[in-house]
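I have a new structure open today and want to get my bearings. These are my notes on what I looked up, in the order I went.

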Amino acid sequence: MHDNPVTRRTALKAGLSTALIATGGCSRSDQRVLRSSDTHPSGYPTVEAVRHMSEQLSIRSDGRLQLKVYPGAVLGDEKGTLEITVFGGLDFNRVNLAPLNSIAEETLVPSLPFMFRSIAHMRAAMDGAPGQAILKALEPHGLIGLSFYDSGARSFYTTSRFIREPADLKGLKIRVQNSDLYVSMVEALGGDATPMAFGEVYQGLLQGVVDGAENNWPSYESTRHFEAAQFYSLTRHVMAPEVLLMSARSWRKLSEDDQQLIRTCATESVQVMRDLWDARVEKSRQTVMAAGNEVYEPDLVPFQKQVGPVWDRYLSTPALRALADQIQALEA
Ligand code: GTR
């Protein structure tokens, strides 16, 4: 369902007819209809933040710039839609940093386990010079980085037991995002890593294709993974943010004024997203706890120690090491 070509075609057609409806049935010659993909459903903070941006764009361009959001992975999973974005078949995309790891190596740095000491540290880094450098690094790869959104902290959940220490991952097949870094991370902690698209994880957990996965509170809750895998251990091992980006091909077709307007609206949507995010984390936690789930708070030090070699492997150049040092040195 998540990556169905028929649904995709229907959605693209729907986008076209919506554009006509929005203009009262006749297309305005100066109107640009832009499309944005998201793997999350309506109501999820990333989707609603881009919708907020879309409203602002429409208001401030007098209806000329229409940004249509396609939630729920109807246009495909993050890896597939990213490829389409690079080729200009999609204008905007909201993805996690993980699928960008194989495209721009700079994105590896904030994706590393235990890179950030807290959410405040992550926000300071991504709002500051390191974040700007990482967004800029996407450009040679056909992508314009617009802004970072929160993604909280990812923690492990399994169908059978709590992860109290790394040894508890032994013998467990853990779903990871499509990134070699996360395969290495789970292996360094002693588990078996299984890369899998987000939309397949729920069935994967039910059918025992995987024994567990890892994600933040809102994703654990919105996907109903919490019903399939009830043992949530707050390892908080990754705080990699989400990113909103544009296809460089679509970008180049816009006037400088429109580019600037898009940048402004994207930047403004960050605070909107953070407010939605903070509220959603709490709501999701309550939903999960109300279902009778329990959580375990492990000592993080053994986990941090065990992923040391992952840092050495992925901080493979002086420039990446310097970026990591810059982030670590930030006080927040
Ligand atoms: C979520 C993230 C998605 C996707 C998903 C996953 O937290 O918002 O963009 O990366 O995790 O695990 O695939």
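A term I need before I start: a helix here is a DSSP run, H or I, of at least four residues, and helices are numbered from the N terminus. I also remind myself that this is a predicted model.

**Entry: helix α7**

I went to helix α7, residues 180-189, and asked how many of its residues are buried. The count is seven of 10, so I noted the helix as mostly covered, with buried meaning under 20% relative accessible area. I wrote down the buried ones: L181, Y182, V183, S184, M185, V186 and L189. Then I looked at what comes just after α7, and found G190 there with a positive phi of about 105 degrees.

**Entry: the ligand**

Next I wanted to know which residues are closest to the ligand. There are 14 residues around the ligand, and H40, E78, R175, Q177 and E242 are the closest.

Then I checked some distances to oxygen atoms of the ligand. For R175, an N or O atom of the side chain is 2.7 Å from a ligand oxygen. N215 has a polar side-chain atom that also comes out at 2.7 Å from an oxygen atom of the ligand. For S219, I read 3.2 Å between a polar side-chain atom and a ligand oxygen. How much of the ligand's area does the protein cover? The ligand has 320 Å² of accessible area on its own, and the protein covers 98% of that.

**Entry: helix α12**

My last stop was helix α12, which spans residues 256-290. Both E256 and D257 belong to this helix. Is E256 buried or exposed? Its relative accessible area is 67%, so I put E256 down as exposed, the cut-off being over 50%. D257 has a relative accessible area of 62%, and therefore goes down as exposed too.

I finished with two C-alpha distances. E256 and V270 are 14 residues apart along the chain, and their C-alpha atoms are separated by 22 Å. D257 and S61 are 196 residues apart along the chain, and I got 10.0 Å between their C-alpha atoms.

Methods. Residues numbered from 1 in each chain as written. Predicted model: local features only at pLDDT ≥ 70, side-chain atom pairs only at ≥ 80, totals over all residues. Heavy atoms only, no water. Buried < 20%, exposed > 50% of the residue type's maximum accessible area, 1.4 Å probe, protein only. Helix = DSSP H or I, 4+ residues; strand = E, 2+ residues; numbered from the N terminus. Near = heavy atom within 4 Å. Polar contact = N/O pair within 3.5 Å; in protein donor to acceptor, adjacent residues only side chain to side chain. Areas by Shrake-Rupley, 256 points an atom, 1.4 Å probe, with all protein chains shown as cover.
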